[in-house]
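Please keep the sequence and the structure in view while reading.

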Amino acid sequence: MAITELSKLDLNGTYTYADYLTWQFDDAVELIKGKIMAMSPAPSSEHQGISWRLGGALFVFFKQKQCQAYAAPFDVRLYDRKKSIIANRDIYSVVQPDLCVICDKTKIDTKGCLGSPDWVIEILSKGNSKKEMQIKYQLYQESGIKEYWLVYPGERAVHQFVLDEHSGKYQLLNMYSGEDIATPQLFLDCQIDLREVFEDDEE
């Protein structure tokens with residue numbers, strides 16, 4: 001049965017991707033470990049400008065490569081990697097990263113990505129809470145996303161986290177400023193000039 005209003009859901013309940021598929025309301029939400037997390041209101045022009053310019057850099061770099069870049073809204077379904085059989089009812093996390101790069105094309109289907117992207121970039125908004133940041137950080141870490149960038153528009157900074165294969169934990173590899181050339185650990189020949197990324201947000 002389709003749910004047409006967010007208010008009809010129990011925000012303390014636990015839901016799966018199968019439930020998520022029945023929701024037909026305008027509110028933008030993500031599902032993290034079965035819990036509904038309302039997304040921030042429409043992103044600011046600053047946020048969207050940074051996303052556009054970063055996305056443009058990724059488009060140029062990956063244009064004729066095996067890996068593909070995607071921008072939100074784009075559903076990424078994350079599941080327990082220990083399970084060998086995946087059904088919609090077994091998926092408890094559906095997120096929409098601002099940008100993500102996926103190298104395994106078998107993960108792509110008509111609904112988005114099933115499994116972990118290789119690289120995720122999140123651009124913080126004023127509405128992002130510390131709790132939300134911590135929850136997503138832990139989720140991406142547990143899901144095995146190899147590289148995770150957090151972009152801070154106000155500070156004109158990027159924090160680059162890389163997953164350590166032995167510990168399964170993120171390591172802070174670099175803290176880039178808006179004047180730096182940022183390089184993903186996964187793609188060392190990809191050079192992103194952060195002066196261009198933040199260029200229209202200096203005022």
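In this predicted model, one aromatic cluster is formed by Phe 61, Phe 62, Trp 119, Trp 149, Tyr 176 and Phe 187. The structure as a whole holds 18 aromatic pairs.

A pair of aromatic rings is described by the distance of the centres and the angle of the planes.

| Pair | Distance of ring centres | Angle of planes | Class |
|---|---|---|---|
| Tyr 137 and Tyr 170 | 5.4 Å | 65° | edge-to-face |
| Tyr 148 and Tyr 170 | 6.0 Å | 35° | tilted |

The pair of Tyr 137 and Tyr 170 counts as edge-to-face because the planes of the two rings stand at 65°, and the cut-off for that class is over 60 degrees. This pair links distant parts of the chain, with Tyr 137 in helix H3 (residues 130-142) and Tyr 170 in strand E12 (residues 170-177), 33 residues apart. Tyr 137 has a relative accessibility of 24% and therefore counts as partly exposed, whereas Tyr 170, with a relative accessible area of 6%, is buried.

Leaving out residues up to four places away in sequence, Lys 136 touches Glu 30, Ile 32 and Glu 122.

Glu 30 and Ile 32 point one way from strand E1 (residues 29-32), while Val 29 and Leu 31 point the other way, and all of these residues are buried. E1 pairs with strand E2 (residues 35-38) in the antiparallel sense over 4 bridges, and the bridge partner of Val 29 in E2 is Ala 38. The two strands form a hairpin with 2 residues between them, and Lys 33 in the turn has a positive phi of about 55°.

Another hairpin is formed by E11 and E12, with 6 residues between the strands and with Gly 168 in the turn at a positive phi of about 75°. Strand E11 (residues 157-163) and E12 run antiparallel and are joined by 7 bridges; the bridge partner of Phe 161 in E12 is Leu 172.

In soluble globular proteins, nonpolar side chains tend to be buried together. In this model the largest nonpolar core has 23 residues, of which Trp 119, Phe 187 and Ile 192 touch the most other members. The elements that give two or more residues to this core are helix H2 (45-62), strand E6 (99-102), strand E9 (119-123), E10 and helix H4 (194-197), and H2 gives the most, with 5 residues. Ile 192, leaving aside its neighbours within four places in sequence, is in contact with Leu 54, Leu 58, Trp 119, Trp 149, Asp 180, Ile 181, Ala 182 and Val 197. Apart from this core lies another, of 22 residues, among them Cys 100, Leu 124, Tyr 152 and Leu 163.

Helix H2 has 18 residues and reaches 25 Å from its first C-alpha to its last, close to the 26 Å expected at 1.5 Å a residue. Among its buried residues are His 47, Arg 53, Leu 54, Leu 58, Phe 61 and Phe 62. The buried residues of H2 pack against strand E3 (68-71), E6, E9, E10, strand E14 (192-193) and H4.

Cys 100 is found in strand E6 and is buried, with a relative accessible area of 1%. Not counting residues up to four places away in sequence, Cys 100 touches Gln 68, Ala 69, Tyr 70, Phe 74, Val 76, Pro 117, Trp 119 and Val 120. The C-alpha atoms of Cys 100 and Gln 171, which are 71 residues apart along the chain, are separated by 19 Å.

Methods
Residues are numbered from 1 along each chain as its sequence is written. This is a predicted model: local features need pLDDT of at least 70, side-chain atom pairs count only at pLDDT 80 or more; totals for chains, interfaces and linings use all residues. Side-chain values use heavy atoms; hydrogens and water are left out. Rings of Phe, Tyr and Trp (its six-membered ring) pair if their centres lie within 6.5 Å; planes under 30 degrees apart count as stacked, over 60 as edge-to-face and the rest as tilted. Buried means under 20% relative accessible area, exposed over 50%, partly exposed in between (1.4 Å probe, protein chains only). A nonpolar core is a set of buried Ala, Val, Leu, Ile, Met, Phe, Trp, Tyr and Cys residues joined through side-chain atoms within 4.5 Å. Contact means heavy atoms within 4.5 Å. Two strands pair if DSSP finds at least two bridges between them. The expected span of a helix is 1.5 Å times one less than its number of residues.
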